[in-house]
Amino acid sequence: MGKKLRKIYVDRMVLLLLAVVLAAAGLGACSPIREFLEVAEKISQPLPSADNTLTSLVEVTQAMQGAMERGETEFTFNAADIDEDSLKNIGNLMSTFWGKPVSYSINSEFKGIEGIIDGRGADIRNITNEFELSNNYYIYNHVKNGAPIPEGMRRAKEIAAALPYIAAEVFTGSEASGFELTLAVHDWLVANIDYDDKIPVESDENGTYGAIILRRTMCLGYAEALELLLRCYTDVEVTQVVGEAMNLNRYNESLDTWNGHAWNAVRLGGNWHQIDATFNDPLGSPSGRLSHLYFGQSDAFMSKNHRWERDFFPVSNMQDFLYFRQSGLFAEDWDEFEAILTELLSENEGESIEFIEIAVRNDSINEDNIQFVYSVLDGLEELWWSEQVWNGIHVHSIEFLYESA
């Protein structure tokens with residue numbers, strides 16, 4: 001106990017003895033004395049250490065997730081100026097990759113005690129949170145550290161047994177960059193998983209088990225599987241973002257309600273970027289081709305149909321459309337668009353290109369300006385295209401249909 005806190009404690013004990021003497025003298029019915037005795041009962045409990053006091057929900061969630069990552073199943077801390085409803089609902093603000101809080105208890109309360117935090121009074125609760133560790137925790141520690149998966153965790157063992165085969169299929173380049181590794185995981189997941197909104201939300205199907213074993217899941221399965229593969233087999237920094245999203249089926253504009261949603265943030269080239277593999281799934285797409293529109297986007301772009309508590313997750317404030325820029329598929333004007341597309345089609349002479357995504361600033365495809373493609377591709381019969389526009393950037397998805405042999 002520091003000198004200041006020791007002095008406060010001694011002073012309070014002196015006042016407490018004085019109150020006892022006064023009460024014995026028949027003055028115990030005095031209201032101020034009665035109120036003091038109630039306060040004295042509070043402060044007779046062990047005082048919380050200022051070093052172990054968390055003063056915001058951000059600090060609490062970070063500390064709790066750190067505890068789960070270390071394999072702890074409970075975490076005790078002092079919470080200052082945080083209301084009980086926030087503590088009760090804190091699971092809604094946290095990534096569930098390592099696990100989730102299942103219960104909490106308030107061990108003691110300290111009301112208006114001076115000197116605990118920065119010399120001011122604060123309502124302090126001593127809290128114990130209990131956790132349920134996820135399949136991902138045990139799988140990660142098994143793959144990375146050789147730790148055995150506990151008996152009875154059948155589904156975790158199934159996932160762990162399947163991962164090496166998926167990794168051998170996904171990670172084929174020995175000198176691949178973080179961008180290329182992340183793209184490989186994303187593309188494998190989107191190509192091999194079906195989005196299924198009929199599965200129970202609170203189930204293993206809506207998680208890594210659904211994505212890796214059943215190959216059908218909802219948003220949480222995409223997000224957890226992407227994080228698990230990157231954590232187990234790469235050095236890419238990755239986390240899960242939880243919040244809400246609108247228009248999961250981006251081709252059906254009638255869906256205008258907000259629903260709970262999960263996606264990812266990854267650190268590439270020293271900067272954080274957002275990835276939503278669920279939104280890139282071809283659910284409802286006319287062509288059925290996977291998309292990269294939501295690969296490597298900024299907070300500004302994502303906020304058009306996503307919302308989340310910004311303070312709880314990494315900030316992504318870099319340029320939008322990372323996939324298109326990194327892949328050489330971003331054109332600043334129509335001349336550059338033509339040049340990029342012509343080169344791509346010419347490089348694949350002898351092979352039938354079926355689908356391309358390409359972004360161009362300020363220009364849309366129309367029947368007239370796309371005619372040059374027919375002179376590049378022999379046997380091309382028809383083109384189908386669609387576009388999405390954000391801040392003047394037109395992302396074109398082009399499908400090529402050829403004459404029958």
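Pro282 first. Pro282 sits in the loop between helix H10 (277-280) and strand S10 (295-297). A word on those labels: helices (H or I, at least four residues) and strands (E, at least two) are DSSP runs, numbered from the N terminus. Residues are numbered from 1 along each chain as its sequence is written. This is a predicted model, where local features need pLDDT of at least 70 and side-chain atom pairs count only at pLDDT 80 or more, while totals for chains, interfaces and linings use all residues, and side-chain values use heavy atoms, with hydrogens and water left out.

Is Pro282 buried or exposed? Pro282 counts as buried, because its relative accessibility is 19%. The cut-offs are these: buried is under 20% relative accessible area, exposed is over 50%, and partly exposed is in between (1.4 Å probe, protein chains only). Now look across to Ala191. Pro282 and Ala191 are 91 residues apart in sequence, yet their C-alpha atoms are 8.7 Å apart in space.

Next, His273. His273 is in strand S9 (residues 271-275). His273 is buried, with a relative accessible area of 6%.

A pair of aromatic rings is described by the distance of the centres and the angle of the planes. Here, rings of Phe, Tyr and Trp (its six-membered ring) pair if their centres lie within 6.5 Å; planes under 30 degrees apart count as stacked, over 60 as edge-to-face and the rest as tilted. How many aromatic pairs does that rule give? The count is 17. Take Phe301 and Phe321. Their ring centres are 5.5 Å apart and their planes are at 70°, so this pair is edge-to-face. Phe301 lies in helix H11 (residues 299-302), and Phe321 in the loop between strand S11 (306-307) and helix H12 (322-326), so the pair ties together parts that are 20 residues apart in sequence. Phe301 is buried, at 1% relative accessibility. Phe321 is buried too, with a relative accessible area of 1%. Both belong to a cluster linked by ring pairs. The members are Phe179, Phe279, Tyr294, Phe295, Phe301, Phe321, Tyr323, Phe324 and Trp390.

On to charges. Side chains of opposite charge can pair when their charged atoms come close. We call it a salt bridge when a side-chain nitrogen of Lys or Arg is within 4 Å of a carboxyl oxygen of Asp or Glu. The whole structure has 13 salt bridges.

Start with Arg125 and Glu109. Their side chains meet at 3.1 Å, N to O. Arg125 lies in strand S4 (residues 120-133) and Glu109 in strand S3 (residues 99-117), so this bridge ties together parts that are 16 residues apart in sequence. Arg125 is buried at 15% relative accessibility. Glu109 is partly exposed, at 23%.

Now Glu151 and Lys157. This salt bridge has an N to O distance of 3.3 Å. Glu151 is exposed, with a relative accessible area of 72%. Lys157 is partly exposed, at 33%.

Then Arg216 and Asp196. In this salt bridge, the closest N and O atoms are 3.5 Å apart. Arg216 lies in strand S6 (residues 216-217), and Asp196 in the loop between strand S5 (194-195) and helix H8 (208-214), so the link joins parts that are 20 residues apart in sequence. Arg216 is partly exposed at 31%, whereas Asp196 is buried at 18%.

Two asparagines next. Asn362 is not a glycine, but has a positive phi of about 70°. Asn362 is in the loop between strand S13 (355-361) and helix H14 (372-376). Asn362 is exposed, with a relative accessible area of 54%. Asn391 is not a glycine either, and has a positive phi of about 50°. Asn391 lies in the loop between strand S14 (380-390) and S15. Asn391 is exposed at 60% relative accessibility.

Is Glu403 buried or exposed? Glu403 counts as exposed, at 54% relative accessibility.
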